[in-house]
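Here are some questions and answers for a first look at this model. Each answer sets a value against its definition.

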Amino acid sequence: CQPGSFTLSSLSTVTNALFSAGGPLKLGSLRNIEIKRNHHTVGTLDLYDFLLRGDKTRDFRLESGDTIFIPPIGPIAAIDGEVKRPGIYEIKGATRVTDIIEMAGGLMPQSYLKRVQVIRNKPNAGREVIDLDLANLGQGLNGDSPKDIELRNGDLVKIYATDPRIY
């Protein structure tokens, strides 16, 4: 949010520097942050490891003169409905429906997995709605099923609630 030079402690890491600068903009990648030293990339940081799992193993300690480069955001997919953290997520590599459910913190108790929809924008052709039945994937949602499709840039996953009526 506030690019420029910052004076930080000698023990500062990439996340400390990002915090001092106000973090990346909405259009900045959280999955491919580069640390440059003497015009060479010395490492990359995926902030999703830290934000979603609390893993700071790739949070590099900075040295004098280091540059943190945040490229534009990559492909994105959204998830809405009965998950703990609905939102828009940057996807990296082969990301399946179960992967974005995990990124969103998992399912709510009232999630209805017999009807999961993926709404996909088709180039110059409108939208396509893909209905999935993920109920038989088991408790772990391990992604081994052909029903667990790979997401594309711009996809929206909708997880519906179970019918509240008592029969």
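Q: Where is the place of Gly-74?
A: Gly-74 sits in the loop between strand E3 (67-69) and strand E4. This is a predicted model: local features need pLDDT of at least 70, side-chain atom pairs count only at pLDDT 80 or more, and totals for chains, interfaces and linings use all residues. Residues are numbered from 1 along each chain as its sequence is written, and side-chain values use heavy atoms, with hydrogens and water left out.

Q: What makes Gly-74 partly exposed?
A: Its relative accessible area is 26%. Buried means under 20%, exposed means over 50%, and partly exposed lies in between (1.4 Å probe, protein chains only). Gly-74, at 26%, therefore counts as partly exposed.

Q: How far apart are Gly-74 and Glu-102 in space?
A: They are 19 Å apart, C-alpha to C-alpha, and 28 residues apart in sequence.

Q: How many helices and strands does the chain have?
A: It has three helices and eight strands. Helices (H or I, at least four residues) and strands (E, at least two) are DSSP runs, numbered from the N terminus. Along the sequence, the pattern reads α-β-β-α-β-β-β-α-β-β-β.

Q: Why is the chain called more spread out than a compact globule?
A: Its radius of gyration is 19 Å. That radius is taken over C-alpha atoms, and the globule rule is 2.2 Å times the number of residues to the power 0.38. For 167 residues the rule gives 15 Å; 19 Å is well over that, so the chain is more spread out than a compact globule. Along its principal axes, the C-alpha trace spans about 65 × 35 × 25 Å.

Q: What makes a set of residues a nonpolar core?
A: The members are buried Ala, Val, Leu, Ile, Met, Phe, Trp, Tyr and Cys residues, joined through side-chain atoms within 4.5 Å. The largest such core here has 21 residues. Those touching the most other members are Ile-79, Val-97, Val-116, Val-118, Leu-132, Leu-151 and Val-157. Strand E4 (76-81), helix H3 (97-103), strand E6 (111-122), strand E7 (126-132) and strand E8 (156-161) each give two or more residues to this core. H3 supplies the largest share, four residues. Apart from this core lies another, of eight residues, among them Ala-17, Ile-33, Ile-35 and Leu-47. In soluble globular proteins, nonpolar side chains tend to be buried together.

Q: Which residues is Ile-79 in contact with, leaving aside neighbours within four places in sequence?
A: Contact means heavy atoms within 4.5 Å. The partners of Ile-79 include Arg-85, Tyr-89, Ile-100, Ile-101, Val-157 and Ile-159.

Q: Why does Asn-38 count as exposed?
A: Its relative accessibility is 64%, so Asn-38 falls over the 50% cut-off. Asn-38 lies in the loop between strand E1 (33-37) and strand E2 (40-45). Its phi is near 55°, a positive value in a residue other than glycine.

Q: How do you know that Asn-124 is exposed?
A: Its relative accessible area is 85%, over the 50% that the term requires. Asn-124 is in the loop between E6 and E7. Its phi is near 60°, positive in a residue other than glycine.
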